[in-house]
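This briefing covers charge contacts, an aromatic pair and a surface patch. The structure comes first, and the notes follow by topic.

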Amino acid sequence: MKRKMIALVTAIIIAMTAQAQSPFFKKCENVKGVTTVYISNAMLKMAGNIEGLGVSDKSLLSKKIDNVQIVNSENSEGRAYLDKHLGMISPEKGYEILMKINEDDENVTIYRQDLDKKKSRFVVITKEPDEISVVTIEGAMTIEDVSRCVKK
């Protein structure tokens, strides 16, 4: 009975962890030429205790952000893979474009997707000739929270 209980608890924890990652992030894990980084809320809590981060309201890191996911590629193979799957982040998939910047060879697009009544997923896609980066932040952040995080 004890083994069954441990197995059940382990399965629930694994299922909860898997749900914490966006579909795009899951698709990009373990792809040659693509680097993925997942930062959990627990790590953000620890980072909130570090001086010199350039964040004035460090409590927001752990109270408002559930996780941060980073997908990056600096080679043509990984970039082609990411470009192919960026359609997963589009208005057709429930994402709203908040801002687009096109400057020379660099393009930045910021998207938002509502996850539930209080939580959102913010995605920043940066494309350069030799690199592509996708940063996803999930949580209950507002624009006021973001402005409070940045030191003046």
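Where is the place of Glu 74? Glu 74 sits in the loop between strand 2 (65-73) and helix 5 (76-85); helices (H or I, at least four residues) and strands (E, at least two) are DSSP runs numbered from the N terminus. The model is predicted: local features need pLDDT of at least 70, side-chain atom pairs count only at pLDDT 80 or more, and totals for chains, interfaces and linings use all residues. Residues are numbered from 1 along each chain as its sequence is written, and side-chain values use heavy atoms, with hydrogens and water left out.

**Negative surface patch**
- Glu 74, Glu 103, Asp 104, Asp 105, Glu 106, Glu 128 and Asp 130 form a negative surface patch.
- Patch residues have over 30% relative accessible area and no salt bridge, with like charges joined within 9 Å; the place of a charge is CG of Asp or CD of Glu.
- Glu 74 counts as exposed because its relative accessibility is 59% (buried is under 20%, exposed over 50%, partly exposed in between, with a 1.4 Å probe and protein chains only).

**Aromatic pairs**
- The structure holds 2 aromatic pairs (ring centres of Phe, Tyr and Trp, the latter by its six-membered ring, within 6.5 Å; planes under 30 degrees apart are stacked, over 60 edge-to-face, the rest tilted).
- One of them is the edge-to-face pair of Tyr 95 and Tyr 111, at 6.2 Å centre to centre and 80° between the planes.
- This pair links distant parts of the chain, 16 residues apart: Tyr 95 is in the loop between helix 5 and strand 3 (96-103), and Tyr 111 is in strand 4 (residues 106-114).
- Tyr 95 and Tyr 111 are both buried.

**Salt bridges**
- There are 6 salt bridges in the structure (a side-chain nitrogen of Lys or Arg within 4 Å of a carboxyl oxygen of Asp or Glu).
- Lys 127 and Asp 83 form a salt bridge with their closest N and O atoms 3.5 Å apart. Lys 127 lies in strand 5 (residues 120-128) and Asp 83 in helix 5, so the pair ties together parts 44 residues apart in sequence.
- Arg 112 and Glu 96 meet in a salt bridge at 2.5 Å, N to O. Arg 112 is in strand 4 and Glu 96 in strand 3, 16 residues apart.
- Glu 138 and Arg 121 form a salt bridge at 2.6 Å, N to O. Glu 138 lies in strand 6 (residues 131-139) and Arg 121 in strand 5, so this pair ties together parts 17 residues apart in sequence.
- Glu 138 is buried at a relative accessible area of 5%, and Arg 121 is buried at 9%.

Conventions
Patch = residues over 30% accessible without salt bridge, like charges linked within 9 Å, V, L, I, M, F, W, Y side chains within 5 Å. Areas by Shrake-Rupley, 256 points an atom, 1.4 Å probe, with all protein chains shown as cover. Lys, Arg positive; Asp, Glu negative; His and termini not counted.
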